[in-house]
Amino acid sequence: SKGTGSLSENSRKESKEGAELFVGSVGGDVSLNNSPTLAFPSISTADFQFDIEKASDIIVEKVIEFVNKLGNARLVLVDLSHKSKILSLVRAKASEKNIDSNKFFTFVGDITKLHSGGGLHCNVIANAANWRLKPGGGGVNAAIFSAGGPSLEVATKEQAQSLYPGSAVVVPLPATSPLFSREGVTHVIHVVGPNMNPHRPNCLNNDYSKGCKVLREAYTSLFEGFATIVR
Ligand code: AR6
């Protein structure tokens, strides 16, 4: 159980292990902030084998496009490891572009345990999904469907049966989902990115002109979906 003492413990923990703050650092304690917050993984850069240099440019470009349209809402790029190359690249590029680090930052942790394990409250999390919106398959998709429980599967099917690469669907989470009750997540946004892995469906065969277009569309759909929740 969390008393008042554990909050400061979490904040310390977060600033030490979790939040990788930009140069200049955030003005406040990120864990003591109740602004609407979207936590998202880097779409397509692991199982789907999308180039991380190109992906990091697109993430920063799309964050710049949306971050100031979202009022006081925050965007947080999450990955599992402090050694994450995509987090380092995005941090460096976001810092170069002087993106407000109160509104966009990176965070190391499991996206299904941000509140309980990292002290970061995110009311919305994004999933790098597959086109059939099926659980399993590894990566962040397997983790989110597993943590979300059967009610996430049911709620997902109510919204969509499948998704094209470059599109997203917003799924309101039932209160019966552990992600809701334990983590305070009210919505999951499934996003399907471009696939460069020849062993997965709809492989783009290294066509990065198509791939970059689809990845931009994926982030646009994700951030627009989040905007509909925030408004
Ligand atoms: N918490 C935070 N980030 C994570 C987690 C987690 N629990 N797990 C993975 N990541 P990936 P893709 C990071 O492969 O490349 C699935 O099987 C990971 O380090 O999950 O879009 C789907 O069903 C990486 O930075 O997604 C699709 O078929 C990022 O999440 C396919 O993989 C995305 O890695 C999608 O591949």
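**View 1. Helix α5 and its buried residues.** In helix α5 (residues 139-148), N141, I144, F145, A147 and G148 are buried, where buried means under 20% relative accessible area, exposed over 50% and partly exposed in between (1.4 Å probe, protein chains only). Seen down the axis of α5, these buried residues fall within an arc of 165°, so they line one face of the helix; the arc is taken from the directions from the helix axis to the C-beta atoms. G139 and S146, on the other side of α5, are exposed. Helices (H or I, at least four residues) and strands (E, at least two) are DSSP runs, numbered from the N terminus.

This is a predicted model, in which local features need pLDDT of at least 70, side-chain atom pairs count only at pLDDT 80 or more, and totals for chains, interfaces and linings use all residues. Residues are numbered from 1 along each chain as its sequence is written, and side-chain values use heavy atoms, with hydrogens and water left out.

**View 2. The aromatic pair of F40 and Y219.** The structure holds five aromatic pairs, meaning rings of Phe, Tyr and Trp (its six-membered ring) with centres within 6.5 Å; planes under 30 degrees apart count as stacked, over 60 as edge-to-face and the rest as tilted. The ring centres of F40 and Y219 are 5.9 Å apart and their planes are at 75°, so this pair is edge-to-face. Because F40 lies in strand β2 (residues 37-41) and Y219 in helix α8 (residues 208-230), the pair ties together parts that are 179 residues apart in sequence.

View 3. Y219 is buried, at 0% relative accessibility. With F223, Y219 forms a tilted aromatic pair, 6.0 Å centre to centre and 40° between the planes. F40, F66, Y219 and F223 form one aromatic cluster.
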